[in-house]
Amino acid sequence: MPTQIDPLSLSGDLLYAVKTEDETDTDRLRERLATLGRSQLGPALSSRERKLSFWLNCYNAYAQLRLEEEPGILEGGFLDRWKFFGRDRVPVAGCWLSLNDIEHGLLRSSKHPWGLGYLPRPFPSSFEREFRLERCDPRVHFALCRGSENSPPIAIYSPADVDEELDIAIEWFLEENVEYDAETDVASIPRFFRRYRGDFGGKRGIVEFLRRYNAISDDATPTLEYEASDRAPDFDLDLELDELRP
């Protein structure tokens, strides 16, 4: 009888192989992930924690692979960045996905990338509807590989510890990238908070998020100032489009 393949282990093992530059193992694991059956994937992604850890590992593994294949792609123009995030280069269970599909479709529960976190992603596929998270967890914005110097260290997420691991990544990022002036009650925060403010529950939700992770004091009700440029773990093609919004 053939050994049962565990999709969750596959995603974690693939990310580990990519991080350790084990090309033989990487190729083998990519093939196994691509040829999984939906009947195998469904039971494996039976909870929020399982979906969250699986798709984070898949995204980060393939983002790093793409950066290795084309090291300067994120330093190019709009079209290069679209190719990086928008092309279908991630085969999972017989379905070709893009990094945008994983982020906005599966992790953000079918939200539009340019809707400030409020608009639904149009026409989600049957695969996306079946395997996406039921609700958007804004913490994913702090866990995805972007090729940025200010990105948090990429972890291999496990279902048992994914919530704690995400909290650690968030605390690190906010400590490095949020400035709060208690005298003026102004918090200076990365621009992606604005671009995805609906994910956080609007301005009030952003303030509560900053309090939760000790970026501001519990009694603070600050004015929010967004950085002119992203120092974020979130750098993709909608940066230019965001500049056109009021």
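Colleague: What makes the contact between the side chains of Asp199 and Arg108 a salt bridge?

Modeller: In this predicted model, the side chains of Asp199 and Arg108 come to 2.8 Å, N to O, and because the term asks for a Lys or Arg side-chain nitrogen within 4 Å of an Asp or Glu carboxyl oxygen, the pair qualifies. Asp199 belongs to helix H10 (residues 197–200) whereas Arg108 sits in the loop between H6 and H7, so the bridge ties together parts that are 91 residues apart in sequence. Both residues are buried.

Colleague: Why is the pair Asp137 and Arg48 called a salt bridge, and how far apart are the closest N and O atoms?

Modeller: The closest N and O atoms of Asp137 and Arg48 are 4.0 Å apart, and the pair is counted because the cut-off is within 4 Å. This bridge links distant parts of the chain, with Asp137 in the loop between helix H7 (126–131) and helix H8 (162–177) and Arg48 in helix H4 (residues 48–69), 89 residues apart.

Colleague: What makes several of the salt bridges one network?

Modeller: Shared partners do: Arg48, Glu49, Asp137, Arg139, Asp163, Asp167 and Arg212 are joined in this way. The structure holds 15 salt bridges.

Colleague: Which classes of residue line the second largest pocket, and why is Cys136 in its lining counted as nonpolar?

Modeller: The lining of that pocket divides into 2 nonpolar, 2 polar and 5 charged residues. Cys136 is part of the lining, as are Arg48 and Asp137, and Cys136 counts as nonpolar because Cys is placed in that class.

Colleague: What lines the largest pocket?

Modeller: The largest pocket, with about 270 Å³ of space, is lined by 16 residues, and Asn100, Asp101, Pro113, Arg121 and Glu128 lie nearest its centre. By class its lining has 9 nonpolar, 4 polar and 3 charged residues, and H6 gives the largest share, 3 residues.

Conventions. Residues are numbered from 1 along each chain as its sequence is written. This is a predicted model: local features need pLDDT of at least 70, side-chain atom pairs count only at pLDDT 80 or more; totals for chains, interfaces and linings use all residues. Side-chain values use heavy atoms; hydrogens and water are left out. On a 1 Å grid over the protein atoms alone, a cavity is a set of points where a 1.4 Å probe fits but cannot get out, and a pocket is an open set with protein on both sides within 12 Å along at least five of seven lines; lining residues have an atom within 4 Å of a point. Grid points are joined across faces, edges and corners, and a volume is the space filled by probe spheres set on the points. Helices (H or I, at least four residues) and strands (E, at least two) are DSSP runs, numbered from the N terminus. Buried means under 20% relative accessible area, exposed over 50%, partly exposed in between (1.4 Å probe, protein chains only).
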